[in-house]
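Look at the fold below before reading on. The text starts with the sheet and then turns to the side chains.

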Amino acid sequence: MPSQRHLCKYRGNICRGDRGKKNMFRATTLWFSGLSGAGKSTIAHKVEERLFDIGAQVYTFDGDNVRTGLCEDLSFTSEDRKESIRRICEMTKLFMDAGTICLASFITPTHEIQQQLMNAYGPDDFHLIHVDCPIEECEARDVKGYYKLAREGVIPNYTGVSSPYEAPLAPALRLRTDRETVEECVDRVVGFLLDKTRLD
């Protein structure tokens with residue numbers, strides 16, 4: 001078995017640009033960062049529906065479809081969070097190569113991890129979106145009771161309670177979900193994305 005340093009990438013004749021032209025959109029990744037309960041996945045899935053309806057090839061990645069497979073062996077410690085983000089980043093790159101617009105909904109709690117992402121993608125391939133909501137509102141929305149369990153010490157390393165959340169310093173978009181409706185947020189994201197990716 002060859003080692004990593006002996007591996008060579010093989011490229012076929014169909015490139016990412018060809019797939020983008022066929023799909024009418026340039027593949028890119030929108031990364032939604034925010035506290036649990038801020039509305040990240042809700043907005044991402046609504047954006048996915050809107051884009052799908054106009055013919056875009058699009059897919060949403062979130063904890064439900066990543067933590068139960070690709071990252072099921074990882075915990076929520078700082079090191080495991082970094083590894084989880086690294087895996088998701090590499091996966092979205094493959095999806096982008098296939099011509100897919102990727103919507104990634106993950107807490108992404110620290111500036112270090114946010115910078116790790118920005119360094120990993122090309123300049124037009126990654127756009128960080130801060131889904132901004134006060135923790136009091138996030139807790140009020142928490143129908144699963146995770147914040148309560150975290151405050152009781154049952155769930156360790158819970159972001160916003162026993163683990164820090166550092167808001168992105170210069171996101172491409174900042175959505176205030178305590179002030180804006182879901183539809184208003186979706187409108188803003190779709191408008192931003194069409195401006196960046198549509199190949200008319």
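Predicted model: local features only at pLDDT ≥ 70, side-chain atom pairs only at ≥ 80, totals over all residues.

Residues are numbered from 1 along each chain as its sequence is written, and side-chain values use heavy atoms, with hydrogens and water left out.

Helices (H or I, at least four residues) and strands (E, at least two) are DSSP runs numbered from the N terminus. Two strands pair if DSSP finds at least two bridges between them. In this model, five strands make up an open sheet with parallel pairing, in the order 2-3-1-4-5. Strand 2 (58–62) and strand 5 (173–176) are the edges, each pairing on one side only. On average, neighbouring strands are turned by 20° against each other, direction ignored. Such angles run from 0 to 180 degrees between N-to-C directions, and the axes are lines fitted to C-alpha atoms, for helices over the stretch in contact.

Within the sheet, strand 1 (residues 29–33) runs parallel to strand 4 (residues 126–132) and is joined to it by five bridges. Phenylalanine 32 stands opposite isoleucine 129 of strand 4. Helix 2 (residues 40–53) lies across strand 1, strand 2, strand 3 (101–105), strand 4 and strand 5, and runs at about 170° to strand 2.

Serine 33 is part of strand 1. Is serine 33 buried or exposed? Its relative accessibility is 0%, so serine 33 counts as buried; the class covers values under 20% relative accessible area, with exposed over 50% and partly exposed in between (1.4 Å probe, protein chains only). Contact means heavy atoms within 4.5 Å.

Aromatic pairs come next. Rings of Phe, Tyr and Trp (its six-membered ring) pair if their centres lie within 6.5 Å; planes under 30 degrees apart count as stacked, over 60 as edge-to-face and the rest as tilted. By this rule there are seven aromatic pairs. One of them, tryptophan 31 with phenylalanine 126, is tilted, at 6.3 Å centre to centre and 50° between the planes. Tryptophan 31 lies in strand 1 and phenylalanine 126 in strand 4, so this pair ties together parts 95 residues apart in sequence. Tryptophan 31 is buried at a relative accessible area of 0%, and phenylalanine 126 is buried at 9%. The pair of tyrosine 147 and tyrosine 158 is edge-to-face, because the ring centres are 5.1 Å apart and the planes are at 80°. Trp31, Phe106, Tyr121 and Phe126 form one aromatic cluster.

A nonpolar core is a set of buried Ala, Val, Leu, Ile, Met, Phe, Trp, Tyr and Cys residues joined through side-chain atoms within 4.5 Å. The largest has 31 residues, of which Phe32, Ile43 and Val189 touch the most other members. Helix 8 (182–197) is among the elements that each supply at least two residues of this core, and helix 8 gives the most, with six residues. Isoleucine 43, leaving aside neighbours within four places in sequence, is in contact with Phe32, Val131, Leu175, Thr177, Cys185, Val186 and Val189. Apart from this core lies another, of 18 residues, including Val66, Ile88, Cys89 and Tyr121.
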